[in-house]
Amino acid sequence: MHELAIAQSIFEIVRSVVPAEQAGDVRAVRVRVGRLSGVVADSLEFCFSVIVADTPLRGAGIVIEAVPTVSECKDCFHRFTVEDLAFLCPSCGSANIVLVSGTELQVAEVELLDNPVEVT
Amino acid sequence: MSVITIERKVLEKNDEIARQNRALCQQRGIFVLNVVSSPGAGKTSILERTLEELGESLKVSVIEGDVQTDFDAQRVARYKVPVVQIVTNGGCHLEARLVQDAMARMNLEGTQLLVIENVGNLVCPANFDLGEAMKVVVMSTTEGDDKPLKYPGMFRNASVLIINKIDLVPYLNSDLATLRRNALQINPALKVFETSCTTKAGISEWCAWLKEQCMKA
């Protein structure tokens, strides 16, 4: 249920970035979520919908971009996607590897409806 | 559609406070542990055994995190160490702000080791940096030897694994070698200890290592 705290943080970041008069135009909030971040997509979407319900951002939904767990071997420099959570280099068997991606939890961007052209 | 690029970490506020906590403790030479586990793995019992062993030679302070009650703080207070209980009222994890507030309520003068006992939960606390020097994950043999594979985020983030309740192994289907193998598959750098708070097996090895870390801080 930490998704609620995470959804609240996303909400605050969007509110701080998007000018108040455009908040009602936000349709999508793109969030990058690493496979190892322990965040449940459905839960995050649900929590965000609850938080925005009575706010100017109520038209906005979360769009999640799942980031794969990628590692690099420090011995042979082989870069690979970690499957089945085996943190060993599939090329040389070394355990001396570093995580390149997979723990991300970032607000990437928001998409807004273009303001209708004012008729003069 | 128009787009506004944001590119900000979701938990940037928490991370910033965690950075402040870490800087404060490093400046004062306090070694900080964030102890995590599922409920009932034995975090508080290990802390009690640790205080019995190190309480005389090391100045320890404790922050307890629980969903409800101050039972754990009462248990720890028997060892005459400064302790603050954080009650999260349903919250499933501690956040850096709660720890910062707790630290402000404590007299940390002379403290060499600050133990933060997180809420019993192997999922949520993994995301929230508290400002610790390292995470210690405790798991008990009764939880099954496949646990590290089920909760990889936490085992990946931890520096130390304490396998507790090893006295119960003869009565269980779980196998210590398999458990170790599974944990090291997720995180080959894990430092592993095997303990029993009932027989006190492994406690002195853990305490000796811990004391060494505190001296380096």
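**Chain B and its interface with chain A**

User: In chain B, what share of contacts between residues at least 6 apart in sequence join residues at least 24 apart?

Analyst: In this predicted model, the share is 75%. A contact here requires C-beta atoms, placed from the backbone, within 7 Å.

User: What conventions apply to the numbering and the confidence limits?

Analyst: Residues are numbered from 1 along each chain as its sequence is written, while chains are lettered from A and ligands numbered from 1 in the order in which they are written. As the model is predicted, local features need pLDDT of at least 70 and side-chain atom pairs count only at pLDDT 80 or more, whereas totals for chains, interfaces and linings use all residues.

User: How many residues of chain B are in contact with chain A?

Analyst: 26 residues of chain B are in contact with 25 residues of chain A. Strand S1 (2–9), helix H6 (152–157) and helix H7 (176–186) of chain B each supply at least two residues of that side of chain B; helices (H or I, at least four residues) and strands (E, at least two) are DSSP runs numbered from the N terminus.

User: Which element gives the largest share?

Analyst: S1(B) does, with eight residues.

User: What does S1(B) pair with in chain A?

Analyst: Strand S6 (residues 105–112) of chain A is joined to S1(B) by six bridges, and the two run antiparallel; pairing requires at least two DSSP bridges between the strands. A:Glu111 stands opposite B:Val3 in S1(B).

User: Changing topic, how many helices and strands are in chain B?

Analyst: Chain B has eight helices and eight strands.

Key
Contact = placed C-beta atoms within 7 Å.
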